[in-house]
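Colleague: Please pick one part of this model and go through it closely, in plain terms. I would like to follow each step.

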Amino acid sequence: MDTPLYSVRMRASSQGQHLAGAERIVSGAAVSEVTAAMVSRAMNCATGAAEEIHCSVERIASAVRFEPLPDVATYIVNNWQDGRQLAGTLLFRAGVEKDVAAQAVLLLANGAGTGGSVMRGAVIMDAETGERLEKDPSRGVRVSRMDLSSECRAELMRELASAGLGHHRVLEALVLAGKVLRAPGIVAELCWSDDPNYTTGYVAAPSGGYQRISALKPVGDSYGGRVFFVKRSHVSLEGFVNYMEHQAVLFNALGAISPPGKWVATDG
Ligand code: AMP
């Protein structure tokens with residue numbers, strides 16, 4: 001019989017504001033240790049101590065999908081304006097209309113949530129028309145239940161560190177993007193953090209993999225978010241959201257990891 005796997009999740013907040021979150025898929029034997037490590041991380045958050053920490057442990061009842069991670073590329077840009085131009089180019093290459101890509105960048109830059117706030121989840125956007133498709137635009141869709149097998153985690157940490165990409169955010173975003181890229185009907189993903197000190201973001205696409213861009217916003221800017229692009233006419237939205245929220249995906253092999261390379265903007 002296969003060993004049962006558990007989804008372990010943590011979210012921490014202070015004064016009603018989200019501080020930190022984490023999630024893993026582990027065997028029963030590792031649940032206690034992993035939960036304790038998550039709580040410790042929330043208690044020692046760089047942005048302040050957590051006032052509330054919620055952990056959940058859930059046995060995964062349905063089949064787990066085992067997948068390889070996407071390839072990783074890193075573009076070093078001169079400034080965030082060039083970064084946004086590059087994001088537009090990569091999104092267009094993936095199949096997003098040019099004006100829709102520009103609209104998505106502006107949306108994240110101005111706050112995609114209610115009244116220009118930062119959303120907790122992601123926008124779903126029609127790659128052809130720019131229409132927003134998520135049911136609740138103040139919350140968006142949250143991707144959950146994805147992780148690395150323990151062998152893959154160790155190997156990935158080694159490989160990322162040797163490529164100069166050892167920041168824990170790279171690993172976590174790669175795993176999330178990896179799950180997104182396996183979604184039925186996904187065209188591309190655009191992301192940058194709402195952390196004012198973390199300006200790197202990415203465009204992920206089935207053909208290009210996880211493509212990091214060194215700057216997508218100025219330092220000190222606390223806006224950020226995620227947009228998942230689909231083609232409305234080609235996708236079952238219910239199936240798409242159900243996959244994002246519930247399908248357990250465990251990555252058990254690495255993609256290629258390229259060293260960072262310089263990207264220079266062109267006119268027009
Ligand atoms: P982060 O990279 O954690 O700073 O997140 C950047 C933005 O992505 C957040 O402001 C949310 O809008 C969105 N986001 C974070 N985690 C998730 C998730 N699990 N699923 C969907 N969107 C997320």
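Modeller: One term is needed before we start: a crossing of two helices is called right-handed if the near helix is turned clockwise from the far one by less than a right angle, and left-handed if it is turned anticlockwise. The model is a predicted one. The part I will take is the packing of helices. Two packed helices are described by the angle between their axes and the distance between the axes.

Take H4, residues 150-162, and H5, residues 168-181: their axes cross at roughly 125 degrees and come within 11 Å. The crossing of H4 and H5 is right-handed. On the H4 side, the contact is made by Arg153, Leu156, Met157 and Leu160, and on the H5 side by Val170, Leu171 and Leu174. Sorted by class, the residues of this contact are 6 nonpolar and 1 charged, with no polar ones.

H2 brings Arg84, Gly88, Leu91 and Phe92 to the contact, while H3 brings Lys98, Ala101, Val105 and Ala109. The contact of H2 with H3 has 5 nonpolar, 2 charged and 1 polar residues.

For the setting, turn to the domains. The domain assignment of the chain gives domain 1 (5-61) and domain 2 (66-262). Their C-alpha centres are 22 Å apart. Across the boundary, 12 residues of domain 1 touch 12 residues of domain 2. The area buried between the two domains is about 970 Å², and carbon and sulfur atoms give 47% of it. On the domain 1 side, Glu23, Arg24 and Ile25 lose the most area to domain 2, together 49% of what that side buries.

Terms used:
Residues are numbered from 1 along each chain as its sequence is written. This is a predicted model: local features need pLDDT of at least 70, side-chain atom pairs count only at pLDDT 80 or more; totals for chains, interfaces and linings use all residues. Side-chain values use heavy atoms; hydrogens and water are left out. Axes are lines fitted to C-alpha atoms, for helices over the stretch in contact, and angles run from 0 to 180 degrees between N-to-C directions. Helices (H or I, at least four residues) and strands (E, at least two) are DSSP runs, numbered from the N terminus. Contact means heavy atoms within 4.5 Å. Ala, Val, Leu, Ile, Met, Phe, Trp, Tyr, Cys and Pro count as nonpolar, Asp, Glu, Lys and Arg as charged, and the others, Gly among them, as polar. Domain bounds come from an automatic or database domain assignment. Buried area is the accessible area (1.4 Å probe) that two parts lose on being put together, summed over both.
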